[in-house]
Amino acid sequence: MEQLSINCTSGESTLLIGEKFANLNGYLPNEKVFIVTDSNIALHYLVNFPQFPVYIIEPGEASKTVIVYSKICRWLLDEGADRSSFLLGIGGGVVCDLTGFVASTFMRGIEFGFVATSLLAQVDASVGGKNGVNLDGFKNIIGTFSQPKFVLCDPEMLGALPREELINGFAEIVKHALIADVEMFKFLEANFETVKASNSLAIEYLVKRSVEIKTQIVEADERDRGERRKLNLGHTYGHAVEKLTGLPHGQCVSIGLEFTARLSVSKGLLDKRDYMRLMNLLKDLELPVCISLNPIKVIDTIAKDKKKTSNSIDFILMKGIGNVVVEKLSLNELREFVEHK
Ligand SMILES: [Zn+2]
């Protein structure tokens with residue numbers, strides 16, 4: 001087990017990587033703990049939960065609403081929660097986002113922690129202190145920055161996941177390797193079979209490195225202004241694909257990484273050979289690298305999102321493997337690129 005701590009102005013958080021779910025009690029207060037989870041997790045693990053009141057939401061993005069948020073707040077009031085209560089989220093990204101938002105606003109903020117049960121939540125959603133809910137189809141429109149006291153990541157819990165969810169998490173792991181760690185990239189190339197079989201040691205290493213990379217970036221730029229944009233690698237294009245197709249986040253990120261790598265090659269920042277290495281790795285991890293979707297439509301969707309601010313966007317490009325640069329690109333340049341490829 002490894003403990004990593006993350007220090008931000010919004011608080012200090014301890015990441016417990018490779019810790020067993022069975023040891024959860026050691027990190028919780030003795031009383032006034034309230035648990036939020038979803039029905040999938042409850043089905044597998046409810047019998048092993050600590051003995052505290054539990055609120056069960058429906059799994060999936062549709063639960064990240066103000067309505068579910070207020071239902072949880074009302075439930076907390078009914079159960080007698082107060083300022084000294086502790087909220088624990090056990091689940092994937094949706095449970096973590098929602099729990100973090102409830103905890104950071106209920107009675108102006110109570111302490112909270114997570115047991116991250118999906119690979120995506122372990123490597124991404126649980127780290128960085130961002131939380132919130134969606135509004136009218138817009139993601140994370142209402143939210144706060146607030147750090148959980150702890151995030152427990154038990155690789156054994158990933159075994160209960162549907163395979164697709166595991167694959168989804170790989171995209172974010174590859175992203176972290178591309179941003180900052182060529183050795184991690186090589187590890188993935190050499191061990192993709194072991195990783196796909198969700199071998200605990202391999203997963204623990206990848207979660208640890210992912211979290212370290214993200215933590216370093218987040219600590220340097222908690223409020224999402226400069227350095228943190230690097231974490232958006234593959235996401236500008238990926239989010240637009242997600243909006244247009246409704247495909248799972250990890251798959252869209254993978255398609256976004258392919259687009260970004262191709263763009264980086266055309267800008268002379270990435271070797272063709274490294275582009276091919278990335279394509280092979282994504283395919284080996286069963287992630288998609290192309291999609292039957294008109295790229296002009298994707299660029300139009302990006303433009304629609306950005307229009308209000310300016311005609312250019314900060315695009316994160318790959319500079320070799322393990323390094324990225326931020327470049328301002330005009331939307332016209334992007335349009336030309338997809339038209340003349
Ligand atoms: Zn993501």
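Mentor: Domain bounds here come from an automatic or database domain assignment. This is a predicted model: local features need pLDDT of at least 70, side-chain atom pairs count only at pLDDT 80 or more, and totals for chains, interfaces and linings use all residues. Residues are numbered from 1 along each chain as its sequence is written.

Trainee: Into which domains is the chain divided?

Mentor: Domain 1 covers 2-160 and domain 2 covers 163-339. Their C-alpha centres lie 26 Å apart. The contact takes 25 residues from domain 1 and 23 residues from domain 2. Two residues are in contact if their C-beta atoms, placed from the backbone, lie within 7 Å.

Trainee: Which elements give two or more residues to the side of domain 1 that touches domain 2?

Mentor: First, the term: helices (H or I, at least four residues) and strands (E, at least two) are DSSP runs, numbered from the N terminus. The elements are strand E1 (2-8), strand E2 (11-17) and helix H4 (119-125). By class, that side of domain 1 has 13 nonpolar, 9 polar and 3 charged residues. Ala, Val, Leu, Ile, Met, Phe, Trp, Tyr, Cys and Pro count as nonpolar; Asp, Glu, Lys and Arg as charged; the others, Gly among them, as polar.

Trainee: How do I read a pair of packed helices?

Mentor: Two packed helices are described by the angle between their axes and the distance between the axes. Axes are lines fitted to C-alpha atoms, for helices over the stretch in contact, and angles run from 0 to 180 degrees between N-to-C directions. Take H6 (residues 182-196) and H7 (residues 200-220): their axes come within 11 Å and cross at roughly 145°.

Trainee: Which residues of H6 and H7 meet?

Mentor: Met184, Asn191, Thr194 and Val195 in H6 meet Ala202, Ile203, Leu206 and Arg209 in H7. By class, this contact has 5 nonpolar, 2 polar and 1 charged residues.

Trainee: Is H9 largely enclosed or exposed?

Mentor: A residue is buried if 20 or more other C-beta atoms lie within 10 Å of its own, exposed if 12 or fewer, and partly exposed in between; C-beta atoms are placed from the backbone. In H9, 15 of the 18 residues are buried, so this helix is largely enclosed by the rest of the structure. H9 is followed by Gly268, whose phi is positive, near 75°.

Trainee: Why does His44 count as partly exposed?

Mentor: His44 has 13 C-beta neighbours inside 10 Å, so it falls in that class. His44 lies in helix H1 (residues 39-45). The C-alpha atoms of His44 and Met157 are separated by 9.5 Å, though these residues are 113 apart along the chain.
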